[in-house]
Amino acid sequence: MEGLLDQLRDRLKKAKSSLRIASPWIEGEVLEKLLSYTPKGIKIEALIRAYEPKDLEITDEYTFKVLRRFGADIYLSHKIHAKMLIVDGEIALVGSANLTRRGTQEDGNLEAVVLVEDKEKVRELVSLFEGFKGLSFRLPADAVAVAVSLESATSATVLLLEELKEQTLLKAELEDSTLLCKLVRIFTTPLDLPKLRYAESKDWLIAYVNTLTTGKMFKLGRVNVVLELSQEEREGKGLFSTPLKTIKIGQPFSLVGEDNQLDRVIKSNSTGYSMDTPVRVGRLLGTNTPVYVDLVKVSSMHMAVLGTTGSGKTTFVRRFLENLPPNTTKVFVFDLFDEYGEGLQVNKERLLKVELPDTLLLANAEDVKDLLRDYGFVLQEKSMQERDFFAGIRRLLKPDINLSALKLMGLGEVLLRHAKGEVKSHIEELMALLVRDYGEEVLTNQPLVIDLFEKALNSKEDIVVFNLKNITNLNARLNAVGLLLKEVLHLSKEKRQKSLVVLEEAHNFVPEKGAVDVPAGRENLATIITRRIALEGRKFGVGLIAVSQ
């Protein structure tokens with residue numbers, strides 16, 4: 001045995017390209033002494049058994065450290081029993097001995113090893129080794145976690161091998177695809193495995209976990225599969241595979257690198273095809289990789305931006321708008337709290353800021369009744385004067401800026417036009433109260449406001465921001481948004497103009513049933529037109545971004 005090892009050392013010193021090692025058990029000190037003879041740059045591959053804990057008690061942690069120090073590729077097998085070393089694909093040692101002290105020393109086991117130099121026989125052994133590799137799995141050198149239990153087909157508990165943050169993206173390399181995963185939770189459990197307590201080699205840990213069926217670990221995480229990535233985009237199919245393959249216990253995970261593969265994923269839509277018009281909205285957490293949203297998908301399928309106060313909803317939308325390619329779509333932003341006026345960083349020639357004054361926009365007779373009722377006047381159309389008054393109001397007020405009398409006359413004139421007798425007295429009292437609450441302008445400035453609407457709708461700028469913060473009356477604000485949305489939809493139908501509507505704090509315009517403050521019992525104009533855009537907008541090129549809590 002000693003003579004053969006001497007020959008092997010001589011051969012290793014002369015190795016030119018490769019060393020293949022298959023040995024169920026390997027001890028680090030024996031391996032280190034052997035590999036110390038190999039020239040730098042030699043490709044080393046090691047095939048090791050990892051079937052039960054006993055295997056990793058013999059193949060110690062130091063073995064994996066030595067292999068990594070020499071740049072070896074490590075493969076784990078549950079079944080390997082063959083023992084062979086192949087140098088440069090030209091000579092081979094085949095026998096019963098493991099690379100352990102008892103397997104290689106003269107005072108150890110009684111072993112038999114044969115030196116094979118016949119080129120054809122060596123080629124057969126190389127082919128056999130490659131076949132064993134195909135039935136094994138390769139330990140990634142950059143592994144940061146390993147699966148220790150399965151929660152579902154697409155969720156696993158992992159042992160963390162490095163310090164990671166929640167929401168970190170990980171990948172699991174499979175035979176013909178890659179699972180892209182997210183670390184959604186990190187937690188710890190008490191240690192009860194002493195061997196893991198002192199382990200330093202990530203590779204040894206992965207191998208050891210492959211021998212375990214139960215046991216508590218130290219720092220753990222919950223990983224969910226996000227998608228399965230094909231090796232390449234196939235003809236007629238997207239980049240993503242379905243159905244998702246399942247994670248297996250012992251599966252190692254690596255960090256998702258900032259490479260071309262990740263860039264292709266980020267620039268793919270939900271079906272796995274490349275985005276038509278990718279718009280940058282930020283960076284992937286913990287990386288410098290840009291993240292994109294497909295403008296075409298937003299326009300055809302709409303988008304909801306949801307989150308609690310302060311979570312960054314408005315910042316996200318601003319970044320989206322700032323990175324929109326010029327002259328691709330007309331954007332109309334409905335801004336309740338003046339969050340886009342100064343915060344939106346785009347070229348001045350692309351942005352129009354419309355500061356709407358406080359006003360009272362009434363769209364129909366029901367709005368007039370609501371306004372009277374708010375101030376304690378109840379007109380139920382029982383008397384002739386009341387019926388004549390509301391008949392006149394219905395002729396004058398329409399939920400359309402081109403048909404409403406408010407385009408040409410102020411609200412005060414509209415209210416007084418058909419008011420007589422006691423009704424007139426009520427209207428005059430109402431107007432005095434409105435002036436006290438809102439100022440005299442709210443009875444006269446409606447034509448000015450509608451003129452602002454029309455100029456903004458037909459402006460040359462890409463992005464139009466309607467600042468609604470000055471409109472204090474809730475119903476007037478809803479009517480302003482509803483009237484504008486109706487015109488956006490009309491312009492898109494008539495001129496085939498691609499448009500994008502941004503409803504900031506959308507719950508203020510499209511409330512849930514029973515929502516506080518916003519009148520949800522009688523559907524407001526903003527709700528009606530927003531629903532039409534959501535259902536029909538894609539036919540006319542109108543997209544919707546709803547920002548809400």
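Q: Buried or exposed: which is Lys133?
A: This is a predicted model, in which local features need pLDDT of at least 70, side-chain atom pairs count only at pLDDT 80 or more, and totals for chains, interfaces and linings use all residues. Residues are numbered from 1 along each chain as its sequence is written, and side-chain values use heavy atoms, leaving out hydrogens and water. Lys133 has a relative accessible area of 14%, to be set against the cut-offs of under 20% for buried, over 50% for exposed and in between for partly exposed (1.4 Å probe, protein chains only). So Lys133 is buried.

Q: Which residue meets Lys133 in a salt bridge at 2.6 Å, N to O?
A: A salt bridge here is a side-chain nitrogen of Lys or Arg within 4 Å of a carboxyl oxygen of Asp or Glu. At 2.6 Å from N to O, the side chain of Lys133 meets that of Glu45. This pair links distant parts of the chain, 88 residues apart: Lys133 is in helix H6 (residues 119–134) and Glu45 in strand S2 (residues 43–49).

Q: How many residues apart in sequence are the parts tied together by Arg101 and Glu27?
A: The side chains of Arg101 and Glu27 form a salt bridge of 3.4 Å, N to O. Arg101 sits in helix H5 (residues 101–104), while Glu27 belongs to the loop between strand S1 (18–22) and helix H2 (28–35). Helices (H or I, at least four residues) and strands (E, at least two) are DSSP runs numbered from the N terminus. The pair therefore ties together parts whose separation in residues is 74.

Q: Which helix holds the partner that Arg101 meets at 3.6 Å?
A: Arg101 also forms a salt bridge with Glu29, and their closest N and O atoms are 3.6 Å apart. These two residues are 72 apart in the chain, with Arg101 in helix H5 and Glu29 in helix H2. Glu29 is exposed, at 52%, whereas Arg101 is partly exposed, at 37%. The helix that holds Glu29 is H2.

Q: Which strands stand at the edges of the open sheet of 6 strands?
A: The 6 strands of this sheet pair in parallel, in the order S17-S22-S21-S18-S20-S19. Each edge strand has a single partner strand, so one side of each is left without a neighbour in the sheet. The edge strands are S17 (303–306) and S19 (351–355).

Q: How many bridges join S21 to S22?
A: Two strands pair if DSSP finds at least two bridges between them. Strand S21 (residues 499–503) runs parallel to strand S22 (residues 542–548), and Ser499 stands opposite Val542 in S22. The number of bridges joining S21 to S22 is 5.

Q: Which residue in S14 is the bridge partner of Val146?
A: Strand S8 (residues 143–152) and strand S14 (residues 252–255) run antiparallel and are joined by 3 bridges. S14 also pairs in the antiparallel sense with strand S10 (residues 169–173), over 2 bridges, where Lys171 has Ser254 as its partner. For Val146, the bridge partner in S14 is Pro252.

Q: Which element gives the most to the lining of the second largest cavity?
A: A cavity is a set of points on a 1 Å grid over the protein atoms alone where a 1.4 Å probe fits but cannot get out, and lining residues have an atom within 4 Å of a point. The second largest cavity holds about 70 Å³ of space; among its 10 lining residues, the closest to its centre are Leu180, Leu229, Val256, Gln261 and Val265. Strand S11 (177–188) and helix H9 (260–266) are the elements that give two or more residues to this lining. With 3 residues, the element that gives the most is H9.

Q: Buried or exposed: which is Arg496?
A: Arg496 has a positive phi of about 55 degrees although it is not a glycine. It lies in the loop between helix H17 (474–495) and S21. At 54% relative accessibility, Arg496 counts as exposed.

Technical notes:
On a 1 Å grid over the protein atoms alone, a cavity is a set of points where a 1.4 Å probe fits but cannot get out, and a pocket is an open set with protein on both sides within 12 Å along at least five of seven lines; lining residues have an atom within 4 Å of a point. Grid points are joined across faces, edges and corners, and a volume is the space filled by probe spheres set on the points.
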